[in-house]
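This report sets out selected features of the structure displayed below.

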Number of protein chains: 2
Amino acid sequence: MHKTYVIGIGQIQIGEHWDKSLKEMAGEAGLLALSDANFPKIDALFIGNMMSGSANRQLHLNALIADWMGYRGNESYVFESACSSGAAAFRTGVIALGSGHFETALIIGLEKMTDSPSSEITNTLATAADADLEVDMGVSFVALNALLMRRYMYEYGWKNADFAGFSINAHANAVSNPYARFRKPISEKIFLESGMVCDPINLMDASSIGDGSAAIVVTNNKKYINEKLKISVVGSTANSDSISIQNRSDPIWLSGAEISSKNAYKQAGISADDIDVFEYHDAFSIMAALSLEACGFAERGKGPRLALDGEIRPDGRIPVATKGGLKARGHPVGATGIYQIVEVVQQLRGEAGSTQVSPNNYGMAQNIGGSGSNIITHILKRE
Amino acid sequence: MHKTYVIGIGQIQIGEHWDKSLKEMAGEAGLLALSDANFPKIDALFIGNMMSGSANRQLHLNALIADWMGYRGNESYVFESACSSGAAAFRTGVIALGSGHFETALIIGLEKMTDSPSSEITNTLATAADADLEVDMGVSFVALNALLMRRYMYEYGWKNADFAGFSINAHANAVSNPYARFRKPISEKIFLESGMVCDPINLMDASSIGDGSAAIVVTNNKKYINEKLKISVVGSTANSDSISIQNRSDPIWLSGAEISSKNAYKQAGISADDIDVFEYHDAFSIMAALSLEACGFAERGKGPRLALDGEIRPDGRIPVATKGGLKARGHPVGATGIYQIVEVVQQLRGEAGSTQVSPNNYGMAQNIGGSGSNIITHILKRE
């Protein structure tokens, strides 16, 4: 197995890009990553996207984007794994480079969600759940997470207000991130007064959709690597749980995330304590709490404690959502997994500005598809 | 790079499976392949599908199918590459096994197209073309192929009737294939009298959609290989051309297919003359002609000659569509690439019944996404 190095990153601001088409967004992020990598020869493109077929009436994004970017003749692939589509593209790229089959690849995450009515997007997000057994019963994706949060509150005695810390941290960190959708800090008062989306999930418990694209250039070719700033992929794992939460023996424990992170620590030869920054999948604040527990940063049932104690802030024990997370940076679903890894690279390079963490040797990104169904974890290291 | 062996194949009949859901279809084909392979331990699932998000309001097929089949905990990926989605999943599986990252994988092609109104399917098939530059101008996918066929007829002087041989061969071969959608032979008279779909493409020039699933088990673990019947993957390549036909310097030459097949021959250490069976992508008879030319079986502009002379029949120089092809077996788009490889394996094993070819040392399958945009070629060998 060849080792994979990240040599370029690029991202566009998450927002409502009504003036840009899918290929223009991907091309822009891709070009930024290529420029950052000093324009190496690209052997293949890996693209993560969830819903362009429904939301944009455009499939075959590999042909579309490769052609638009001047890679006619190259091979390219599109991965769909609900909200973990971005990391699925990254992981498969890492595997393909590991085989030596390719030397250098461009990996792009892309999603454009604001051109459609929000009811259509809500319906399409629900296609990540089982149509026969969940969606046809009337649940939406936020409803599934509300069930998890309600059960979690019941089991461990937390109140709504106890989840405020996750959103406050995310919004505070996004202020200095020019690529974030929301750059205003929020107070506990704003959190408590925000409207209920799906009880007990309020507007500040829920991440925002958006249009976005982020890109990464990876290589196993030593000639492309900057010897002064080597960022390598030392852990890459995926694991799964049932697609439906009702089929889990313990719905409020992310067993896929536990196994995926444990395997990633093992690959990297480290433990959770060695992680300096964790870009987690805070699609909802309940997912933030469950992720921290499953990955070994908090005891079972005590995730919110970390946020209440400020331990998730950039200067805390385990900084998370350091550029805003899904909550405030925004969650263009198929692109999110790539934004997360881009942000980990920014931290490891020491380019994270006012939310820079220290030390910054190991960073972890975890992308979750469905309500904990597909979990893909990457650990990157500054060598 | 580890070598990849095919140790199991499975398929369900293509038809209108209104009584089966997506996961049931995939599970059935997958189980047949697993049974054929003697139930090895599976490390990962690779799934090819184009349009379940639109046609079935179900995405996240990896979570859905892995869970349904009892592979909770495994990792799994879904590939979308328009009509080449099946081969994209297979090729990426071959790459992942080549890396040694996985030992054994289950690769499934799946598409369910008959639950939706046909206008919706026509619209969704068009999402394989560029929404901005082709679809919004009013072309459907059959219209793009009609433009190619008209130009081809103009350049080389062929008449509509000259394309009959492709469909007659396909339908004749499907008669004995229990998995084919259409099992009635057609005459030249039927071909000539069939209604025009999009001039000059008539109903018998066009393949049929359908619901279908096919599956393959691949391994690099020697303990799972049947030493008496070793089928290995000796060529695996992908290449691309522009997504839009108007951007090609020569629209009636499939340059992606030419390069992809040449690279595959080179990998296998053979030439086109060594191919004993070719499962080509006869979505339309013009694609059949262009594929035969691009892959070196016919001179430029002379593809229809091969069919007229009977050289594409099972006893001919280059047998194609030996189990019915896309035309008569049916074309459940994201599943087709896997059906093609399954059929090549049937031929190499000597299990192809009345359309068995001889000799049967090398078989090739070529899956095409879009109007020649993504071309994925596999050569398999009986060792």
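## Strand β8 of chain B

Strand β8 of chain B covers residues 231–240, and ten of its ten residues are buried, so the strand is largely enclosed by the rest of the structure. Buried denotes under 20% relative accessible area, exposed over 50%, and partly exposed the range in between, with a 1.4 Å probe and protein chains only. Helices (H or I, at least four residues) and strands (E, at least two) are DSSP runs numbered from the N terminus.

β8(B) pairs with strand β11 (residues 374–382) of chain B in the antiparallel sense, over nine bridges; strands are said to pair if DSSP finds at least two bridges between them. B:Ser240 has B:Asn374 in β11(B) as its bridge partner.

## Basis of the model

The model is predicted: local features need pLDDT of at least 70 and side-chain atom pairs count only at pLDDT 80 or more, whereas totals for chains, interfaces and linings use all residues. Residues are numbered from 1 along each chain as its sequence is written, chains are lettered from A and ligands numbered from 1 in the order in which they are written, and side-chain values use heavy atoms, with hydrogens and water left out.

## Helix α3 of chain B

Helix α3 of chain B (residues 61–68) has seven of its eight residues buried, so this helix is also largely enclosed by the rest of the structure. The buried residues are B:Leu61, B:Asn62, B:Ala63, B:Leu64, B:Ile65, B:Ala66 and B:Asp67. They pack against β11 (374–382) of chain A and against elements of chain B, including α1 (22–36) and β4 (104–111). After α3(B) comes B:Gly70, with a positive phi near 90 degrees.

## The nonpolar core

A nonpolar core is a set of buried Ala, Val, Leu, Ile, Met, Phe, Trp, Tyr and Cys residues joined through side-chain atoms within 4.5 Å. The largest such core holds 126 residues, of which A:Leu106 and B:Leu106 touch the most other members. Leaving aside neighbours within four places in sequence, A:Leu106 is in contact (heavy atoms within 4.5 Å) with residues including A:Ala33, A:Phe46, A:Met69 and A:Ile216.

## A buried histidine

A:His281 lies in the loop between β9 (277–279) and α10 (285–294) of chain A. The residue is buried, with a relative accessible area of 3%. Beyond its neighbours within four places in sequence, its contacts include A:Cys83, A:His331 and A:Asn367.
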